Amino acid sequence: MREGDALPPLEIAITRTLIVAGAVASRDYQDVHHDAVLAREKGAPDIFMNILTTNGLVGRYITDCFGPSSRLRAVKIRLGAPNYPGDTMTLTGTVTRVDGEIAEVRVTGANGLGQHVTGTVRVYVPGLEPAADGSELNDAPTDLGVES
């Protein structure tokens, strides 16, 4: 794994089931995530995915790419265009830094409307090589927060 390496893309079908299940699993009972009529009354064309589901999908993407021994250290994402049912989100990533056993990855998730999610993920991966410049990424605290 080296700086500049691209991760393989992951296409995720955005279904009503995925949107509703993600909202329920994260205890987000806002009507815009499960009731199409109320979502339309509030100005959206349909129900849409919540940020916690997106955060989980970004985490899954990274750990799928780096393997079962990898561990998320920090996930910082921002939402853009909503994920509506019937669309597809394609997650892509680029390694921006490797230091010791920590990789930093710039992640993007695009759908038919544009960028749904952008952000940075730091992931622990046993066996990664140190950065050539000797800089440190390992000392930062774990942060799984979400920016909105």
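Guide: Let us begin with Asp46. Its relative accessibility is 11%. The model is a predicted one.

Visitor: Why is Asp46 called buried?

Guide: Buried means under 20% relative accessible area. Asp46 has 11%, so Asp46 counts as buried.

Visitor: What makes Arg16 and Asp46 a salt bridge?

Guide: The cut-off is 4 Å between a side-chain nitrogen of Lys or Arg and a carboxyl oxygen of Asp or Glu. The closest N and O atoms of Arg16 and Asp46 are 2.6 Å apart, so the pair qualifies.

Visitor: Where in the chain do the two partners sit?

Guide: Arg16 is in helix 1, and Asp46 is in the loop between helix 2 and helix 3. They are 30 residues apart, and the pair links distant parts of the chain.

Visitor: Is Arg16 buried, exposed or partly exposed?

Guide: Partly exposed: its relative accessible area is 41%. Exposed would need over 50%, and buried under 20%, so 41% falls in between.

Visitor: How many salt bridges does the structure hold?

Guide: Three. Another joins the side chains of Asp31 and Lys42, at 2.9 Å from N to O. That pair also links distant parts of the chain, 11 residues apart. Asp31 lies in the loop between helix 1 and helix 2, Lys42 in the loop between helix 2 and helix 3.

Visitor: What makes Arg60 and Asp64 a salt bridge?

Guide: Their side chains meet at 3.3 Å, N to O, and the limit is 4 Å, so the label holds. Both residues are in helix 3, four residues apart, which means about one helical turn between them. Arg60 is partly exposed, at 38%.

Visitor: Why is the pair of Phe48 and Tyr84 called edge-to-face?

Guide: The structure holds one aromatic pair. The centres of Phe48 and Tyr84 are 6.3 Å apart, within the 6.5 Å limit, so the rings pair. Phe48 is in the loop between helix 2 and helix 3, and Tyr84 in the loop between strand 2 and strand 3.

Visitor: What makes Arg27 worth a look?

Guide: Arg27 has a positive phi of about 60° although it is not a glycine. Arg27 lies in the loop between helix 1 and helix 2. At 67%, over the 50% limit, Arg27 counts as exposed.

Visitor: Which residues touch the most other members of the largest nonpolar core?

Guide: Val58, Ile62, Phe66, Leu91 and Val107, out of 31 residues. Helix 3 gives the largest share, five residues.

Visitor: What does Val58 touch?

Guide: Leaving out residues up to four places away in sequence, Val58 touches Val75, Ile77, Leu91, Val107, Val117 and Val121. In soluble globular proteins, nonpolar side chains tend to be buried together.

Terms used. Residues numbered from 1 in each chain as written. Predicted model: local features only at pLDDT ≥ 70, side-chain atom pairs only at ≥ 80, totals over all residues. Heavy atoms only, no water. Core = buried A, V, L, I, M, F, W, Y, C linked by side-chain atoms within 4.5 Å. Buried < 20%, exposed > 50% of the residue type's maximum accessible area, 1.4 Å probe, protein only. Helix = DSSP H or I, 4+ residues; strand = E, 2+ residues; numbered from the N terminus. Contact = heavy atoms within 4.5 Å. Phe/Tyr/Trp six-rings, centres within 6.5 Å; stacked < 30°, edge-to-face > 60°.
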